[in-house]
Amino acid sequence: MNRAPNILAEWDRRTAVTGARTPGEARRDTELSELRSQLKELKHERTQLRGRLDAAATVIAALHHGNAGLREELAGRGVVVALDERRASRAATIGPY
């Protein structure tokens with residue numbers, strides 16, 4: 001290679017003109033650029049969804065603890081009777097309207 005400086009100079013001149021990239025390399029670089037852009041968008045979307053998930057989990061936990069507290073409070077008051085059961089027993093004793 002040291003004996004062919006003219007050939008190397010010609011090679012350098014031609015590759016400098018074409019940008020030193022073949023059409024395949026140019027396609028590859030374009031595809032990589034597009035994929036990087038998509039990855040960036042997906043990472044941003046994932047971050048937003050993770051934030052929503054964390055917020056939902058916090059709200060669900062707060063509701064769960066609130067419901068548990070209400071159940072404990074109701075347990076101390078007495079028996080809770082569903083309205084449907086009460087109406088059915090009343091209708092049986094009084095008769096049809």
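**Salt bridges and overall picture**

A search of the whole structure, which is a predicted model, finds two salt bridges. The chain holds three helices and zero strands, and buried residues make up 1% of its 97 residues.

**Fold and surface**

- Read from the N terminus, the elements of the chain follow the order α-α-α.
- The accessible surface of the chain amounts to about 9500 Å². Carbon and sulfur atoms account for 58% of that surface.

**Salt bridge between Arg13 and Glu10**

- Arg13 pairs with Glu10 in a salt bridge, with 2.6 Å between the closest N and O atoms.
- Both residues belong to helix H1 (residues 5-18), where they lie three residues apart and are therefore separated by about one helical turn.
- Glu10 has a relative accessibility of 29%, so this residue counts as partly exposed.

**Salt bridge between Asp29 and Arg28**

- The other pair consists of Asp29 and Arg28, whose side chains meet in a salt bridge at 2.9 Å, N to O.
- Asp29 counts as partly exposed because its relative accessibility is 25%.
- Arg28 is also partly exposed, at a relative accessible area of 45%.

**Confidence of the prediction**

- Across the chain the mean pLDDT is 84. A pLDDT of 70 or more is reached by 79% of the residues.
- Confidence is highest in helix H2 (residues 23-77), with a mean of 94.
- Helix H3 (residues 83-94) has the lowest confidence, with a mean of 70.

Methods: Residues numbered from 1 in each chain as written. Predicted model: local features only at pLDDT ≥ 70, side-chain atom pairs only at ≥ 80, totals over all residues. Heavy atoms only, no water. Helix = DSSP H or I, 4+ residues; strand = E, 2+ residues; numbered from the N terminus. Buried < 20%, exposed > 50% of the residue type's maximum accessible area, 1.4 Å probe, protein only. Areas by Shrake-Rupley, 256 points an atom, 1.4 Å probe, with all protein chains shown as cover. Salt bridge = Lys/Arg side-chain N within 4 Å of Asp/Glu carboxyl O. pLDDT = per-residue confidence, 0-100.
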